[in-house]
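Me: I would like to learn how to read a model of this kind feature by feature. Could you take me through one, giving the general idea before the particular case?

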Amino acid sequence: MTKGKYRVGITFNPSNNDMVAKIKLAAADLIDLIDTIPVPKVDSIDSAFYSNEVVRLRSLAQTDIETAAMHAVKAATKKPVE
């Protein structure tokens, strides 16, 4: 299982909703793509700062995708008011 599939909980879809599956797969694929952004080598204080910044930005992007997927799944499964 990829990092993206694990993070979005790709196997959790109790209602077998096709839209939920599509949302989760798209989010997982994007998380995995972001994970391929190279992290620069550290060979000085300045490069350490830059390297850490790349890691931080990748992580923030992945977290935001997880959040967006969660809200999209909620929208796709929201029941009408009775």
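Reply: Let us begin with helix length, for which the expected span of a helix is 1.5 Å times one less than its number of residues. The model shown here is predicted, and its helix α3, residues 45-77, has 33 residues, so that it should span 48 Å; the end C-alpha atoms are 48 Å apart, which agrees.

Me: How many helices and strands does the chain have, and what pattern do they follow along the sequence?

Reply: The chain has three helices and zero strands, and read along the sequence the pattern is α-α-α.

Me: How much confidence does the prediction carry, and in which elements is the confidence lowest and highest?

Reply: Confidence is given for each residue on a scale from 0 to 100. In this chain the mean pLDDT is 95, with 100% of the residues reaching 70 or more; α3 has the lowest confidence, at a mean of 94, while α2 has the highest, at 98.

Me: What do the overall dimensions say when they are set against those of a compact globule?

Reply: One sets the radius of gyration beside the value that a globule rule gives for the number of residues. A compact globule of 82 residues would have a radius near 12 Å, whereas this chain has 16 Å, and the C-alpha trace spans about 60 × 25 × 15 Å along its principal axes. Of the contacts with a separation of 6 or more, 53% are between residues 24 or more positions apart.

Me: What share of the residues is buried, and which residues of α3 are among the buried ones?

Reply: A residue counts as buried when its relative accessible area is under 20%. Buried residues make up 23% of the 82 residues in the chain, and in α3 they are Ser 47, Ser 51, Val 54, Arg 58, Gln 62, Ile 65, Ala 69 and Val 73. The cover over these buried residues of α3 includes α1 (3-8) and α2 (18-34).

Me: Which residues make up the largest nonpolar core?

Reply: For a core, one looks for buried nonpolar residues joined through their side-chain atoms. The largest one here has ten residues in all, namely Val 8, Val 20, Ile 23, Ala 27, Ala 28, Ile 31, Ile 34, Ile 65, Ala 69 and Val 73. The elements that give two or more residues to this core are α2 and α3, and α2 gives the most, with six. Leaving aside residues up to four places away in sequence, Ile 23 touches Ala 69, Ala 72, Val 73 and Ala 76.

Me: In the loop between α1 and α2, is Asn 13 buried or exposed, and how does Asn 16 compare?

Reply: The cut-offs are under 20% for buried and over 50% for exposed. Asn 13, in the loop between α1 and α2, counts as buried because its relative accessibility is 14%, and apart from residues up to four places away in sequence it touches Val 20 and Ala 21. Asn 16 is found in the loop between α1 and α2 as well, but it counts as exposed because its relative accessible area is 69%. The phi of Asn 16 is near 55 degrees, a positive value in a residue other than glycine.

Me: Is Phe 49 buried or exposed?

Reply: Here, too, the side of the cut-off decides: Phe 49, which lies in helix α3, has a relative accessible area of 62% and is therefore exposed. Its C-alpha atom is separated by 19 Å from that of Thr 36, 13 residues apart along the chain.

Key
Residues are numbered from 1 along each chain as its sequence is written. This is a predicted model: local features need pLDDT of at least 70, side-chain atom pairs count only at pLDDT 80 or more; totals for chains, interfaces and linings use all residues. Side-chain values use heavy atoms; hydrogens and water are left out. Helices (H or I, at least four residues) and strands (E, at least two) are DSSP runs, numbered from the N terminus. Buried means under 20% relative accessible area, exposed over 50%, partly exposed in between (1.4 Å probe, protein chains only). Contact means heavy atoms within 4.5 Å. A nonpolar core is a set of buried Ala, Val, Leu, Ile, Met, Phe, Trp, Tyr and Cys residues joined through side-chain atoms within 4.5 Å. The radius of gyration is taken over C-alpha atoms; the globule rule is 2.2 Å times the number of residues to the power 0.38.
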